[in-house]
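User: Hi! Could you walk me through this one with me? I'd like to start with the helix packing.

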Amino acid sequence: MRATLKETWASIRDLGYGQAIVAKTVGQAFWYWFKYVLVVTIVLIGLAIASLTYFAPQLPKLVAKFVPDIGVSIADGKLSTNATQPLILGDDNFKLILNTYGKESDIDQVKTGVLVLEDKLLTKNGTDTRMVSFSEIGDNVKVDKQTVISWLEGNKMLLLGIGLGAILLIGTILLGTYVGWKVIVFLVGGLLLWLAAKLIHRRITFTDGLKLAAYAAVPALILSVFFTLIPNQLGATLSLGTWIFLACAWLVKLPVAKK
């Protein structure tokens with residue numbers, strides 16, 4: 001990776017580095033970019049796993065401290081609770097309402113969320129509403145704060161396993177989605193660079209433009225990661241500007257095509 005970092009610094013410092021880039025294969029250019037993506041992915045997954053190993057054992061204490069002492073039981077198809085009703089949690093994006101004295105039409109007040117009544121549960125997502133009757137539950141069910149705490153204390157390893165699996169699955173899905181999207185961006189960028197090369201009389205192929213786009217994406221990615229902690233548009237603007245500037249600068253510095 002040290003050699004890759006040196007190459008990145010050389011490509012930024014020398015705007016004539018485009019000649020070295022177009023001399024590479026598409027596979028080499030893509031792997032050069034993908035190595036940085038892998039490093040960022042591994043770091044993020046590592047941070048997520050570290051957070052999981054810290055917070056998962058703390059869950060029983062967190063539930064005991066922050067979760068209200070609410071109990072819910074279902075017997076003979078009827079739900080009862082000691083919570084003050086109606087209990088409303090969430091916001092306009094997703095809302096959970098517990099009201100055993102309510103009626104089915106109360107779900108009309110919710111855009112997306114869950115309504116728990118005495119004998120049924122209704123879920124709504126936009127215009128799609130579904131209902132589950134508590135009479136379908138054969139056994140009596142009772143859940144309270146202490147039950148949850150006891151289960152969490154007895155299943156810490158299970159929680160760690162589930163959390164680890166979820167992190168790896170989500171990380172793999174996000175990585176695949178990001179790479180697929182960037183490949184499309186590189187294809188479009190390579191096409192635009194190829195067309196621009198014709199206007200300024202630089203003789204490159206479409207694949208050469210693709211390689212320039214992939215290489216320019218590396219400094220842009222580094223800037224994006226650097227500005228992640230700043231919640232504004234500055235990072236995205238600088239990242240996009242860097243990507244466009246380097247790709248165009250390398251293209252302009254290429255030899256003029258002979259007539």
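Analyst: Happy to. Take helix H8: the cover over its buried residues includes H1, helix H2 (18-22), H6 and H7. Keep in mind that this is a predicted model.

User: Which residues of H8 are buried?

Analyst: They are Gly 235, Ser 239, Thr 242, Trp 243, Leu 246, Ala 247, Ala 249, Trp 250 and Leu 251.

User: And how many residues does H8 have, and how far does it reach?

Analyst: H8 has 19 residues and reaches 26 Å from first C-alpha to last, close to the 27 Å expected at 1.5 Å a residue.

User: Okay, over to H1. What covers its buried residues?

Analyst: The cover includes helix H3 (26-55), helix H7 (206-226) and helix H8 (234-252). The buried residues of H1 itself are Thr 4, Glu 7, Thr 8, Ala 10 and Ser 11. Viewed down the axis of H1, these fall within an arc of 165°, so they line one face of the helix.

User: Which residues are exposed on the other side of H1?

Analyst: Arg 2, Lys 6, Trp 9 and Arg 13 are exposed there.

User: New topic: which residues make the nonpolar surface patch?

Analyst: Val 183, Ile 184, Leu 187, Val 188, Leu 191, Leu 192, Leu 195 and Phe 206 form a patch of about 660 Å². Helix H6 (residues 156-199) gives the most to it, with seven residues.

User: Where does Leu 195 lie? And what is its relative accessible area?

Analyst: Leu 195 lies in helix H6. With a relative accessible area of 41%, Leu 195 is partly exposed.

Conventions
Residues numbered from 1 in each chain as written. Predicted model: local features only at pLDDT ≥ 70, side-chain atom pairs only at ≥ 80, totals over all residues. Heavy atoms only, no water. Patch = residues over 30% accessible without salt bridge, like charges linked within 9 Å, V, L, I, M, F, W, Y side chains within 5 Å. Areas by Shrake-Rupley, 256 points an atom, 1.4 Å probe, with all protein chains shown as cover. Salt bridge = Lys/Arg side-chain N within 4 Å of Asp/Glu carboxyl O. Helix = DSSP H or I, 4+ residues; strand = E, 2+ residues; numbered from the N terminus. Buried < 20%, exposed > 50% of the residue type's maximum accessible area, 1.4 Å probe, protein only. Arc of directions from axis to C-beta. Contact = heavy atoms within 4.5 Å. Expected span 1.5 Å × (residues − 1).
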